[in-house]
Amino acid sequence: MTRIFMEGFEHPGALHPWMTHTDGVGSIVGGVARSGSYAMQLYVGGATTPRTAYINLPAGVQREEFYFRVAFRSPVVTSQNRPLLHVYSNTGQELARVNIYTTQIQVVVLGTSRIVSAPPVSLTNNTYYLLELHVKMGATEGLVELRFGGIPLGSWAGPVQGTGTTIARVWLNTLASTATTSAVDDIAINDADGPVNNSWCGDGHILALRPTGVGDASQWADQAGNQTANWAAVDEVTPDNDTTYAVAHSSDLVDTYHLANATLAEGDVIKAVQVLARARTLVEQGDELLLGTRLDSNEAWSNPAPLLLSYSSFVSGVQEKAPGNTSWNLDRLNNLHVGIKSSGDGE
Ligand SMILES: [Ca+2]
Ligand SMILES: [Ca+2]
């Protein structure tokens, strides 16, 4: 495990299951994206209602050390202190906070200002900037480092422990104090383990590839009971829930789908792939869903995840290697199938 989280908001209505937002998923909006077509809006108008999004890390992936990346834009960057990013421990204590000013970025560690640095350029309104924060907890040998647009802006070494033992939550805030749209996009978290994605996330872009055709297996059925074009029931940009869907009525049934081809700019590298789906069970308890990828004859399936009666989002583990344990490249990505597998009955 190295890249543990990524969210580019390219599937409106299907937010990453670790993420919550004070507006719900309805504030994933078009027109302000840094990558793809959508971003998360953190301010929806009104004079006094800032919006907040949380990434709640499950206990199993909490660590003492993470690298966070967020691209943010604001219609109003002022000389005032505007908190953008907060990092909390598993005891709910704020370990670090990043405050944004027009000409200054400040990192507060355990309540004390530890890094005060000027950004490489004076910040302007409605422009995306890439902010990265490295937080390593430690009673005496903690470390906090800040990068802005990929450029190191400062670091602080010392106590970063507080009362907790792991990093458990990242909290994103609006920058604006007046109406209109602040937005975040291309969020990623790396931990420090493994051979790749084990350090700064870097200047990444998160793109969605949707089903465009039937894959090698078509064992589920669509809402009309057909098995010829299940992909067309699960390809919409915004989930339509029980209007079009694929359904399985017994265990171990597999549907796989071709995806739209990706196009990369020269020099772009594929760092990781993750499968995202929305699903629910019909009436039974104990139904589970697996998400997977298939390349040639090699498959990689996630662990079964329990389904709820209402729709919720599911993600596979982040796949840093293509099925067959080869490195990703554009050819492999464009030949990839993604799939769903039932465990018990499932919809
Ligand atoms: Ca996006
Ligand atoms: Ca559908």
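Author: Two residues are said to be in contact if their C-beta atoms, placed from the backbone, lie within 7 Å. By that rule Ala96 touches Val87, Val107, Val108, Val109, Leu133, Val135 and Val144, not counting residues up to four places away in sequence. This is a predicted model, in which local features need pLDDT of at least 70 and side-chain atom pairs count only at pLDDT 80 or more, while totals for chains, interfaces and linings use all residues. Residues are numbered from 1 along each chain as its sequence is written, and chains are lettered from A and ligands numbered from 1 in the order in which they are written.

Reader: Why is Gly154 called partly exposed?

Author: A residue is buried if 20 or more other C-beta atoms lie within 10 Å of its own, exposed if 12 or fewer, and partly exposed in between. Gly154 has 17 C-beta neighbours inside 10 Å, and therefore counts as partly exposed. Leaving aside neighbours within four places in sequence, Gly154 is in contact with Ile115, Ser117 and Leu146.

Reader: What makes strand β19 largely enclosed by the rest of the structure?

Author: Strands are DSSP runs of E with at least two residues, numbered from the N terminus. In β19 (residues 254-259), five of the six residues are buried, so the strand is largely enclosed.

Reader: How do you know that β19 pairs with β16 and with β25?

Author: Two strands pair if DSSP finds at least two bridges between them. Four bridges join β16 (residues 211-218) to β19 in antiparallel fashion, and five join β19 to β25 (residues 337-343), also antiparallel. Asp255 stands opposite Ser218 and has Ile340 as its bridge partner in β25.
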